[in-house]
Amino acid sequence: MFTVFLRRVRVTTKGCNLIYQQQFSENAVSTRSCSSSVCENASQKSLVVSYLINTCGLSPDDAVSASKKMNNLCFKSPENPDAVLKLLRAYGFTDAHHIPKIVTRWPDVLLASPSKTLFPKFEFLRSIGVRLPVLAHNLSIYPFMLRRSLKNWIIPLYNDLKSLLGSDERVAHVFSRSPAGFMSFDVSIFRERGVPESSIITLVMYQPALLVYPKKKLSLFIDRAVAMGFDISKSAFVHAVRVFSGMSELTLKRKMEVYRRCGCTESDINIAFLRHPLCMSLSEKKITANMDFLVNTLGYKPAVIAQHPVLLSLSLDKRIKSRCLVARALNEKGLKKMPSMTTMLKMPEEKFLNQYIVKHEKDIPNLLDIYRGKSNRGP
C-alpha cells in the first residue's frame, strides 16, 4: 500500500525542475569529492539554500540556518524533497505557513522517506480522528514526533493514552491540545502520589502540556498543592497543580495582592483558591473588573464571592451583565420570583435560556434581544 501511495505522490524531476537538475549536473565534477553526509562545495550549498528559498518558502536567513542543520547537504536530485513536499501538501500542509515552519524546525524532513517515515505516521494520526488542519498545524510546530518510531514509540503511547481515556476521540483531543504532551505521556507520578484516575483524566484532557515536565518538577507542584491545603483526592487538586505549573511564586503573590486591593481578606483568598484554583490564573484586569461589578453594582460582600469564586471566571459582559438585565426586566414585570443571583449567574446556558428567556418571551417579546445586548437597557 505504501508503494502505491508513493507512486501517487511522487513528483517527477522534469519540467519545472529541469534547470535545477541541470545545475546539479554542471557541478558534477566539483561534487564528486563530497562525502555522503557533508558537502563542502560552496556552489552545492548555494543550490540547497536556493531550493529552500524558492521551493520551500524559507527566508534567506532561515534557509542558510536550515542548510547547516541538515545531515546531508548533497541533494543528488530534488526528487525526494519534491516527493516529501507533495506528501505534506496532501495532508494539509500549506506552502505559505506550515511547510516553511516544518522545514525550518526540522530540515531533514526533506530527506526523510515519504513512504516509510512520514506517510505511516500521518495515516495513523488521521485514523484515530486527528483532523488534517490540526495535524498540519501541530506537526509543523512539533515535527520531532515524526522522528520517533511508529511501532516502538507512538503506538505504545497511544495504547496507554486510550487505556486511560477510553476513546480515540479523547486521544485525538490530547494531540490537538499538545503534541508534546502526547509524546511525553507518563502519569506514574500522579498515581504514585494517590491522585484518583478521574482527576488524572481531567489533567491529561485539559492540561496535557503539563506532562512535558520531568517527574521531579511535577513532584514539586504536587508538594506545593498539598502544602496549600488541597485534598489530593478532590478534583480541585489537579487544577491547583495546573496553576502552579504555569505560575511562579512571585506571580501568585501578585495575584493575591490584587484580591487584597479588591477588599478580600487572607481568609477570603484562601477559601476562593481552595474552592476554585483557576481563579488565580485570571488576569489582573479581569479580577478587578468582575470584583468591582459584583461588589459595587450587585452588592456582594467579598466573603460571599470567596464562597463562589467561579463567578470571577465568568464573562462580565456576555454572562454577568446580560443575565442581570434579564433578571431586572422580569422583576419589573413581576413575572418571576428570582432565586439567588449567584444561582442564576452560575446556571448552565441552556437551562437559563429555557427558564428565563423561552418561558417569558411572550410576555416580553424583546427579552432575547435584551439578553444578547441588542436592547438599549443599561446594566
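Axes here are lines fitted to C-alpha atoms, for helices over the stretch in contact, with angles taken between N-to-C directions. In this predicted model, the axes of helix α19 (residues 284-297) and helix α21 (residues 316-333) come within 12 Å of each other and cross at roughly 5°. Angles under 35 degrees count as roughly parallel, so that is how α19 and α21 run relative to each other. On the α19 side, the contact is made by K286, A289, N290 and F293, and α21 answers with L316, I320, K321 and C324. Sorted by class, the residues in this contact come out as five nonpolar, one polar and two charged.

C324, one of the α21 residues in that contact, has 11% relative accessibility, and it counts as buried because the cut-off for that label is under 20%.

As for cysteine pairing, a search of the whole structure turns up zero disulfides. Take C262: the closest cysteine sulfur to its own belongs to C264 and sits 6.4 Å away, too far for a bond, since a disulfide calls for sulfur atoms within 2.5 Å.

The largest nonpolar core has 113 residues, and the members that touch the most others are F93, F122, F190, V204 and M280. Helix α21 turns up again here, giving this core its largest share, eight residues. Leaving aside residues up to four places away in sequence, F190 touches V195, I200, L203, L210, L218, I222 and V241.

Key. Residues are numbered from 1 along each chain as its sequence is written. This is a predicted model: local features need pLDDT of at least 70, side-chain atom pairs count only at pLDDT 80 or more; totals for chains, interfaces and linings use all residues. Side-chain values use heavy atoms; hydrogens and water are left out. Axes are lines fitted to C-alpha atoms, for helices over the stretch in contact, and angles run from 0 to 180 degrees between N-to-C directions. Helices (H or I, at least four residues) and strands (E, at least two) are DSSP runs, numbered from the N terminus. Angles under 35 degrees count as roughly parallel, over 145 as roughly antiparallel, 65 to 115 as roughly perpendicular and the rest as oblique. Contact means heavy atoms within 4.5 Å. Ala, Val, Leu, Ile, Met, Phe, Trp, Tyr, Cys and Pro count as nonpolar, Asp, Glu, Lys and Arg as charged, and the others, Gly among them, as polar. Buried means under 20% relative accessible area, exposed over 50%, partly exposed in between (1.4 Å probe, protein chains only). A nonpolar core is a set of buried Ala, Val, Leu, Ile, Met, Phe, Trp, Tyr and Cys residues joined through side-chain atoms within 4.5 Å.
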